Amino acid sequence: PHWHLPNDWPAMQPLETPFIVPVRLADIAVPSKIADKIQYVDLFPDFDEGVKHLAYAIKSAAKARVSS
């Protein structure tokens, strides 16, 4: 897999407001230049737990947008 984001993209996104939720689907290393700058949901090795985290992130973002 290839990871490519503009260098300033993470800085433009408020940490408390998910815009894109990257997920790790397999046992691959996330490059440190990405892992150090953005948050992601890990669906490996525990897929069910990862889906719970992903659902929580989506629900939290939806609630924040509705209440703003």
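**View 1. Arg24 in strand β1.** Arg24 lies in strand β1, which spans residues 23–24; helices (H or I, at least four residues) and strands (E, at least two) are DSSP runs, numbered from the N terminus. The model is predicted: local features need pLDDT of at least 70, side-chain atom pairs count only at pLDDT 80 or more, and totals for chains, interfaces and linings use all residues. Residues are numbered from 1 along each chain as its sequence is written, and side-chain values use heavy atoms, with hydrogens and water left out. Arg24 is buried, with a relative accessible area of 12%; buried means under 20% relative accessible area, exposed over 50% and partly exposed in between (1.4 Å probe, protein chains only). Leaving aside residues up to four places away in sequence, Arg24 touches Val30, Tyr40, Val41, Asp42, Leu43 and Phe44, where contact means heavy atoms within 4.5 Å.

**View 2. Arg24 and Asp42.** The side chains of Arg24 and Asp42 make a polar contact at 2.8 Å. A polar contact is a pair of N or O atoms within 3.5 Å; within protein, one must be able to donate a hydrogen and the other to accept it, and residues adjacent in sequence count only if both atoms are side-chain atoms. The two side chains also meet in a salt bridge (2.8 Å, N to O), defined as a side-chain nitrogen of Lys or Arg within 4 Å of a carboxyl oxygen of Asp or Glu. Asp42 lies in strand β2 (residues 41–42) and Arg24 in strand β1, so the pair ties together parts that are 18 residues apart in sequence. Asp42 is partly exposed, at 31% relative accessibility.

**View 3. Arg24 and Asp27.** A salt bridge joins the side chains of Asp27 and Arg24 (3.9 Å, N to O). Asp27 counts as exposed at 59% relative accessibility, whereas Arg24 counts as buried at 12%.

**View 4. Lys52 and Glu49 in helix α3.** The side chains of Lys52 and Glu49 meet in a salt bridge (4.0 Å, N to O). Both residues belong to helix α3 (residues 47–67), and because they are three residues apart there, about one helical turn separates them. Lys52 is exposed, with a relative accessible area of 55%, and Glu49 is partly exposed, with 35%. Elsewhere, salt bridges that share partners join Arg24, Asp27 and Asp42 into one network. The structure holds three salt bridges.

View 5. Val30 sits in the loop between β1 and α2 (32–35). Val30 is buried, with a relative accessible area of 14%. From C-alpha to C-alpha, Val30 and Tyr40 are 9.7 Å apart in space, and they are 10 residues apart in sequence. Val30 and Tyr40 are among the residues that Arg24 touches.

**View 6. The whole chain, for orientation.** The protein has three helices and two strands, which follow the pattern α-β-α-β-α along the sequence. Of its 68 residues, 18% are buried. Among contacts between residues at least 6 apart in sequence, 39% join residues at least 24 apart. The accessible surface comes to about 5,600 Å², and 60% of that surface belongs to carbon and sulfur atoms; accessible areas come from the Shrake-Rupley method with a 1.4 Å probe, and for residues only the protein chains shown count as cover.
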